[in-house]
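Trainee: Could you take me through one part of this model closely? I'd like to look at the helices and the loop that follows one of them.

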Amino acid sequence: MKPIQRPVRRALLVVHVAVSVSWLGLTLGLLTLGTTAYTTRDSSLTEAAYRAMKVFGDWLLAPVALTTLVSGLVLALGTPWGLARHRWVWIKFWLTVITAGATIFSLRPEIDRAAAAGVPDSSLLAAPSVATAAYLFMTAISVLKPWGLTRRGRRLRASSASPVRRNRVDVGSSRPTA
């Protein structure tokens, strides 16, 4: 992919961070509503919490998850970070794919079932808890950028480095080194 121009990259970075943080906040909201629905003894509050979760699930979960995934992918492919050059980018990409898929294909249908039934459901505590931990982990690796280059990243860096002089003489020896 062609490198992204600086103003476009910066705008896309703002979008990516804002949507990613929104996904984290949305998940925390779902966790709060799920906890309320599961722990209350008031059935009308349980139903209201699940209906609120359904509104978030129907209107926000898929667009936020997909915008996060697409904006991150465009940033990775259009900047020197690359998609498979740095371990933290590669891990973050796959965690985003997995959590977006789980959100769209598992969490949303589970919210729909709970809203229809109106009965406490422990899976709506577990799923947002795991998702929140995953998003916090992805946030941490985005800030800390741990682990260095992937094998592909090392190979690309080595191939772009200036050629090493061959047959130079090692100090203390009259033999050329390779």
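Mentor: Start with confidence: pLDDT is the predictor's confidence in each residue, on a scale from 0 to 100. This is a predicted model, so local features need pLDDT of at least 70 and side-chain atom pairs count only at pLDDT 80 or more, while totals for chains, interfaces and linings use all residues. Residues are numbered from 1 along each chain as its sequence is written, and side-chain values use heavy atoms, with hydrogens and water left out.

The chain averages a pLDDT of 90, and 90% of the residues score at least 70. Over residues 165–178, though, pLDDT stays under 50, and the model has 10 contacts for that stretch beyond four places in sequence; a contact here means heavy atoms within 4.5 Å.

Now the helices, which are DSSP runs of H or I of at least four residues, numbered from the N terminus. T27 sits in α1, residues 6–39. With a relative accessible area of 3%, T27 counts as buried (buried is under 20%, exposed over 50%, partly exposed in between, using a 1.4 Å probe and protein chains only). A polar atom of the T27 side chain lies 2.8 Å from the backbone oxygen of W23. An α-helix has 3.6 residues a turn, so residues three or four places apart point the same way. Beyond its neighbours within four places in sequence, T27 touches P128, A131, T132 and Y135.

Have a look at L125 next, in helix α4, residues 123–144. Setting aside residues up to four places away in sequence, L125 is in contact with L31, G34, T35 and Y38. L125 and T36 are 89 residues apart in sequence, yet their C-alpha atoms are 9.6 Å apart in space.

Go on to the loop between α4 and α5 (151–160), where you'll find K145. K145 isn't a glycine, but its phi is positive, about 50 degrees. W147 belongs to the loop between α4 and α5 too, and its phi is near 80 degrees, again positive in a residue other than glycine. Most residues other than glycine have a negative phi. K145 is partly exposed at 35% relative accessible area, and W147 is partly exposed at 43%.

Finally, α2 covers residues 43–78, and its 36 residues should span 52 Å at 1.5 Å a residue (the expected span is 1.5 Å times one less than the number of residues). The end C-alpha atoms are 50 Å apart, which agrees. Still, α2 bends by about 45 degrees at L60, with a proline, P63, following within four residues; the bend is the angle between axes fitted to the seven residues ending there and the seven starting there.

Note on methods
Helices (H or I, at least four residues) and strands (E, at least two) are DSSP runs, numbered from the N terminus. A polar contact is a pair of N or O atoms within 3.5 Å; within protein, one must be able to donate a hydrogen and the other to accept it, and residues adjacent in sequence count only if both atoms are side-chain atoms.
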